[in-house]
Amino acid sequence: RGVSNMAEEPSWTELSSVEASSSNIEGGSSVTLTGVACNAADGSIVVSGWADGEAGTSKGMVFSVQTQSNMQGGGGAMAQAVVPRRAGSQDDPNKARLVVDQSMGPEIDEAKPKALLYDEEGALFIADVKRKCILSRPPPRGNEDPLVQSLVSEYEGRPLQGPTAMCFDENGTLFFTDSCEVGLFAAGKGSVFTVSSEDQMLRPLALKCLNYPTGIACDPIGQLVYVSETSANRILRFARRMNGVYYCSVYHTFTGGFGPSGLVERQGMLYVARSDLKGAMTKSKGGSVCVIGSDGNLLREVRAPGPEITAMCLAGGGVLQEGGDQ
């Protein structure tokens with residue numbers, strides 16, 4: 001969708017779909033899309049997902065989004081969101097195509113990639129909820145395809161529960177949420193971790209105390225870290241003090257709906273993807289994207305074309321300013 005200013009209601013446009021790309025996707029309509037990321041180095045967009053097989057098996061996939069025009073644009077910001085399939089999607093030569101990246105190798109085939117993230121150099125990071133680890137792939141060099149390797153899979157000798165979202169600050173410090181799949185009986189509490197760019201040490205900001213954290217974003221210097229605590233229907237904020245310790249507080253609480261998921265921070269503004277279970281309530285509002293101001297108050301809410309948004313990212317330089325300008 002295109003984002004212009006606070007007064008106008010931008011429209012949603014379907015960039016691509018599984019159905020529109022079915023000829024090159026093994027598994028066809030059984031593919032579930034989960035994450036999206038934009039490579040700032042070249043403006044390319046990638047999408048993660050998996051195809052469900054027999055007896056509970058699955059095959060992980062990373063797609064490149066091949067468009068007919070440059071999606072970076074010059075004016076406003078472009079919000080790319082991943083939503084479930086909609087009835088009536090058909091092959092359309094004018095749509096972008098999801099093309100499976102065959103260079104990812106067997107590491108991806110065996111994964112369930114929940115989220116994607118690029119660093120400034122173009123290295124790709126993948127949150128794998130199936131094998132409970134974060135994978136990384138260096139940027140391509142020459143004609144050789146770089147190998148996908150496991151970056152982190154355990155803390156103090158115990159395996160992670162399943163990374164669900166990631167973000168970087170401008171110094172290269174990685175923050176990520178770790179949580180088991182939603183709806184699991186007697187599921188453990190989720191965590192928030194950081195991997196320092198200086199010593200590569202894995203440290204918890206919150207350890208096994210959160211209700212299904214699924215989204216994370218931070219300001220450029222990593223002083224403020226925001227986390228979607230989905231099952232509590234709220235956003236948490238972790239603020240770093242002078243001694244390097246993070247203090248946590250509730251930043252914004254929602255009412256109704258299933259809970260916040262994807263987060264994007266841009267110049268003090270927080271974009272929040274919200275979901276609702278279709279048919280769960282007679283007056284269900286459906287999915288939406290909320291804009292939270294720097295004071296933690298809701299500035300606006302834009303309805304999505306489906307009940308659930310699983311991921312989003314911003315491409316381009318424009319943002320919604322609290323004063324209403326582009």
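Is Ser48 buried or exposed? With a relative accessible area of 0%, Ser48 is buried, a label that applies under 20% relative accessible area, with exposed meaning over 50% and partly exposed in between (1.4 Å probe, protein chains only). Ser48 sits in strand S3, which covers residues 45–52. Setting aside neighbours within four places in sequence, Ser48 is in contact with Thr32, Leu33, Thr34, Gly35, Met61, Pro113, Lys114, Ala115 and Leu116, where contact means heavy atoms within 4.5 Å.

A word on the ground rules. This is a predicted model, in which local features need pLDDT of at least 70 and side-chain atom pairs count only at pLDDT 80 or more, while totals for chains, interfaces and linings use all residues. Residues are numbered from 1 along each chain as its sequence is written, and side-chain values use heavy atoms, with hydrogens and water left out.

Now for the chain as a whole. The protein chain has 1 helix and 25 strands; these are DSSP runs numbered from the N terminus, helices being H or I with at least four residues and strands E with at least two. Of its 326 residues, 49% count as buried. The accessible surface of the protein chain comes to about 15,800 Å², and carbon and sulfur atoms hold 48% of that (Shrake-Rupley method, 1.4 Å probe; for residues, only the protein chains shown count as cover). Among contacts with a separation of 6 or more, 50% join residues 24 or more positions apart.

Further along, 4 strands make up an open sheet in the order S21-S22-S23-S24, with antiparallel pairing; two strands pair if DSSP finds at least two bridges between them. Strands S21 (259–266) and S24 (298–303) are at the edges with a single partner strand each, so one side of each has no neighbour in the sheet. On average, neighbouring strands of this sheet are turned by 20° against each other, direction ignored, going by axes fitted as lines to C-alpha atoms. Strand S23 (residues 288–292) pairs with S24 over 5 bridges, in the antiparallel sense, and Val291 stands opposite Arg300 in S24. Strand S24 also holds Leu299, which is partly exposed at 31% relative accessible area.

A search of the whole structure turns up 0 disulfides, taking a disulfide as a pair of cysteine sulfur atoms within 2.5 Å.

Terms used:
Axes are lines fitted to C-alpha atoms, for helices over the stretch in contact, and angles run from 0 to 180 degrees between N-to-C directions.
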